[in-house]
Amino acid sequence: MKKRTTILIMGICLILIALAELLSTSGLLPVWAGFILIVLTFPWFLLALMLWWKAPGGEKDLPFIGY
Amino acid sequence: MIQYILFALLMGLLFHGIHRKIIARIQGRPGPPVWQEILHVLKFSFKQTWIPDTASEVHFVGVVLISIAIWILALGVVIYEGSLLLLFAIYLLHKIVEHGMGLSSGSPYAKFGAIRSVISAASELPLFVTIILIYFFTGSLMLNDIAQWQAIHGPLLIPAFPAAIAMYLIILSKMHYGPFSIIEGKEIVSGNRTEHFGIWRAGLEAGFAIKTYVLLNAFILIFLGSFSLPILIILMVILLTSLSFVCAYCPLLGPYDTVTVQTLMTGILLVYIIILEVL
């Protein structure tokens, strides 16, 4: 995945997480709805963050598939 | 909300480190520092990563996302004291992650792990009976109702002691290096995690860390009641220490032995429920 795409995913997720936090603490969004939004976005944010800072390079390999 | 997730993530990783440290000390080794698992996740996240050529790409990555998502959801259920049924439904969803991890990569070692995961479905049997027994005493499956019941009647641990043992076994079956950890036995390399490396492994470890935090927290909440955070953490560490002792002293059981032990526990619980019903 390109770095630009990972930054885009991270940005979108971060905005959604911040929105969920702000809206649910201010009472504009039910707490459960805010939490569900975080449940859906946090894993994407975490993986995008790690894809962004991981070491570059590496090619697909064929694992041991039996004798 | 996000602060709870980050706290649970860090505490879960720290618990994994404490778990490894205790096992090492019992076995006469110095062991890694307790924060080693936090460093592990960071290390994995910086590594070169790719998806193996034999893997189903969507499946391979999807299990990592699902693993993190379901345990964050479970954390929400515990924090907001929601339904015990929902918590255990999430526990059952975790089976999808275990199967998916093993089946998605194409490696036979991982597939062996996935097959063992099917066998270890017997660990869910004590879970169902635990739910029945908890409902028998409290008349509700909402965690806040159970906590209120305990505030009036005292810890559920005493009247529902067999259910506590059953849930203890359930948590034990999900601990690393435990007697029931057949899906990650070293004779099949790393079991269903064999081909998940780099950021995929880091993501899975993050999900598993939240899982450990949730299961320990749920045990305390269900059988001892609600506590302030510092006391809760102390109780969780005590519970974890006892689990680590079991893991250090018990060898990894054979796949069929784990089924036997877990089915026997379910049978004992059923007898206990029948006796309670008759009396």
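Q: Which residues touch the most other members of the largest nonpolar core, and what makes a set of residues a nonpolar core?
A: In this predicted model, the largest nonpolar core has 92 residues, and I72(B), A74(B) and I210(B) are those that touch the most other members. A nonpolar core is a set of buried Ala, Val, Leu, Ile, Met, Phe, Trp, Tyr and Cys residues joined through C-beta atoms within 7 Å, and buried means that 20 or more other C-beta atoms, placed from the backbone, lie within 10 Å of a residue's own. The most to this core, 18 residues, comes from α9(B), where a helix is a DSSP run of H or I with at least four residues, numbered from the N terminus.

The model is predicted, so local features need pLDDT of at least 70 and side-chain atom pairs count only at pLDDT 80 or more, while totals for chains, interfaces and linings use all residues. Residues are numbered from 1 along each chain as its sequence is written, and chains are lettered from A, and ligands numbered from 1, in the order in which they are written.

Q: What is I210(B) in contact with, leaving aside its neighbours within four places in sequence?
A: Contact requires C-beta atoms, placed from the backbone, within 7 Å, and on that basis I210(B) is in contact with A8(B), L9(B), G12(B), W71(B), I72(B) and L75(B).

Q: Why are α1(B) and α9(B) called roughly perpendicular?
A: The two helices pack at about 85 degrees with their axes 7 Å apart, the axes being lines fitted to C-alpha atoms over the stretch in contact, with angles from 0 to 180 degrees between N-to-C directions. Angles of 65 to 115 degrees count as roughly perpendicular, and α1(B) and α9(B) are therefore described in that way. Among the residues making the contact are F15(B) of α1(B) and Y213(B) of α9(B).

Q: How do you know that the span of α4(B) is close to the expected one?
A: Helix α4 (residues 84–104) of chain B has 21 residues and reaches 30 Å from its first C-alpha to its last. The expected span is 1.5 Å times one less than the number of residues, which gives 30 Å for α4(B), and the two values are close. After α4(B) comes G106(B), with a positive phi near 90 degrees.

Q: How many residues of chain B are in contact with chain A, and which element gives the largest share?
A: Chain B brings 30 residues into contact with 27 residues of chain A, and α3(B) gives the largest share of that side, seven residues.

Q: What does the secondary structure of chain A come to?
A: Chain A has two helices and zero strands, and 24% of its 67 residues are buried.

Note on methods. Two residues are in contact if their C-beta atoms, placed from the backbone, lie within 7 Å. Angles under 35 degrees count as roughly parallel, over 145 as roughly antiparallel, 65 to 115 as roughly perpendicular and the rest as oblique. A residue is buried if 20 or more other C-beta atoms lie within 10 Å of its own, exposed if 12 or fewer, and partly exposed in between; C-beta atoms are placed from the backbone.
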